[in-house]
Amino acid sequence: MKKRRKRDRRMRAARTAFIRGMVATGVLAVTDAGGRSLSRAEVRRALKAGIAVAGGTMVAEALERDEPVRAMLALAGGIAAAMAVDGLLQATDREQEQESDGKEEIG
């Protein structure tokens, strides 16, 4: 039961850090954009910033508890998550480009 509580606390901390990073980057992007809609690149940056802040938070917490293996796993997980999000968004971009190219050829 104790392990589950610790894991739940860590998951809450990671979620909170992700939201903080994503929202902070999104707010900065909106203010830089002067209120216009955000581009896909800006949304991608906000998502990746949220992942980076969450990963960094988890690494820092693990190091504070003197758990270097957990810190390395958190670092690797953060890198993998950022790369996965980037890969998924790039695949979506390619699909949308192909769809728009196909529409242009038909029309």
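Biologist: Which residues lie nearest the centre of the largest pocket?

Modeller: Keep in mind that we're looking at a predicted model. The largest pocket in it has a lining of 15 residues. The ones nearest its centre are R10, M11, A14, M58 and A74.

Biologist: How many charged residues does the lining of the largest pocket have?

Modeller: Let's go class by class. Eight of the lining residues are nonpolar and two are polar. As for charged residues, the lining has five.

Biologist: Let's turn to α2. How far apart are its end C-alpha atoms?

Modeller: Start with what you'd expect: α2 has 25 residues, and at 1.5 Å a residue it should span 36 Å. The model agrees with that, because the distance between the end C-alpha atoms of α2 is 36 Å.

Biologist: Is E42 buried or exposed?

Modeller: E42 sits in helix α2. Its relative accessibility is 11%, and the cut-off for buried is under 20%. So E42 counts as buried.

Biologist: Which side chain does E42 join in a polar contact of 3.3 Å?

Modeller: Leaving out residues up to four places away in sequence, E42 touches A29, A33, R36 and S37. The side chain at the other end of that 3.3 Å polar contact belongs to R36.

Terms used. Residues numbered from 1 in each chain as written. Predicted model: local features only at pLDDT ≥ 70, side-chain atom pairs only at ≥ 80, totals over all residues. Heavy atoms only, no water. 1 Å grid on protein atoms, 1.4 Å probe; cavity = no way out; pocket = protein on both sides within 12 Å on 5 of 7 lines; lining within 4 Å. Nonpolar A, V, L, I, M, F, W, Y, C, P; charged D, E, K, R; others polar. Helix = DSSP H or I, 4+ residues; strand = E, 2+ residues; numbered from the N terminus. Buried < 20%, exposed > 50% of the residue type's maximum accessible area, 1.4 Å probe, protein only. Polar contact = N/O pair within 3.5 Å; in protein donor to acceptor, adjacent residues only side chain to side chain. Contact = heavy atoms within 4.5 Å. Expected span 1.5 Å × (residues − 1).
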